[in-house]
Amino acid sequence: MARRALLRDANGQGIDDAVVLWFPGPASATGEDVAEFHVHGGRAVLASLFAALSGIENLRAAEPGEFTRRAFENGKLDLTEAEGLDDLIHADTDRQRRQALRQLKGMLGDRARDWRAAIIEASALIEAGIDFSDEGDVPAELIAPALTKVKALLTEIKDVLAAQGQAERLREGLVVAIAGPPNVGKSTLINQLARREVAIVSPHAGTTRDIIEVQLDLDGYPVTVIDTAGIRETDDPVEQEGVRRARARAADADLVLWLADADGGTIAHQGDAPVWLVHNKIDLVGGSRAAGAAREFRISARRGDGLSDLISALVGFAQDFFGTIEGGLITRERQRRLLGDAVVALERSLAAIGQGEELAAEDLRSAAMSLGRLLGRVDVEDILDVIFREFCIGK
């Protein structure tokens, strides 16, 4: 329900002409009664409104994440959806936004709930077999379908874990380091890529002493470009520290652009990341010699010559790096770890079935517990509910 209203303080003084929205629980986003004030954003308006609200008894400012926490506690969101909401808030690119929205809509949570329900059903079958162990062939008839469920689940979860983690990488972004000797135009290049002045450009070698980072959106892919200090031998202790940091940061990057002069230069980088040789300042040398190797480029960072080819190559690298992410389920290490715990428990249950149904049932409970932690819903009574509902034990 929406209504236009004049907000007043305790003394009846007007604060703002606002729109007030009322969301009665449990139909609200948090599951509780929620009122929203849509006010004009001036600092004086906000200050007066907060002052008036703070004077109301038992009213306080929300803590960070409290509304999402209440939505989770009231069953409006599971933990994977809450993580998706956090990713959506912090999404910098359109691809990150789409991935976060899929998570918020329950892409992983729905699958995990289905997996957990199937594990609980399998566990109920095995525990029913234990309770009916004196009924001849009844236990075997119950355990066989339980094993079928567990094997199918194990294969499905393993397939999800076997993915290359593209969704996790998309959330974190691609890191590209610009490295090379001093005074080859690294700062000029990062300014061109960022389309603004983020680094000091000077004809004097050694100007960049620390790491400069710029966040870019390349065709929807999040890319962090790093401008590092020129790598050379020096007696200056400050520059030495800059060179040390440059080497360390380049070693951790996903891709290194090694800048060299237009008429030569060799790569002096050690690390596992691929390295592209970029000849800069082609506007200062004669001729228009083409680049040599497939990952060799000739540019003028000052004039912009060749930059479109370099950027197109970076987009292509990002596409290969992130791969197909539309169906990615796992976006965080926490999710991967708990799914891994569930797989280990399922494997133990299959190995234990010949040693005793009690051990297999306990391992299935562990697997269900891991998925419950993934969702933030852990209730050991679920297994008992299924047993009583499906098999009428104790009737």
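Select T30 to start: T30 sits in the loop that links strand 2 (14-23) with strand 3 (34-38). Strands (E, at least two residues) and helices (H or I, at least four) are DSSP runs, numbered from the N terminus. This is a predicted model, in which local features need pLDDT of at least 70, side-chain atom pairs count only at pLDDT 80 or more, and totals for chains, interfaces and linings use all residues. Residues are numbered from 1 along each chain as its sequence is written, and side-chain values use heavy atoms, with hydrogens and water left out.

T30 has a relative accessibility of 5% and therefore counts as buried; buried means under 20% relative accessible area, exposed over 50%, and partly exposed in between (1.4 Å probe, protein chains only). Next, show F67, R70, A71, N74 and K76, which T30 touches when residues up to four places away in sequence are not counted. Contact here means heavy atoms within 4.5 Å.

Now move to L79, in helix 3 (residues 79-89). L79 has a relative accessible area of 27%, so it is partly exposed. With residues up to four places away in sequence again left out, L79 touches F72, R334, R373, L374, L375 and G376. Select Q335 as well: L79 and Q335 are 256 residues apart in sequence, yet their C-alpha atoms are 9.8 Å apart.

Finally, zoom out to the whole protein. The secondary structure comprises 13 helices and 9 strands. Of the 395 residues, 43% count as buried.
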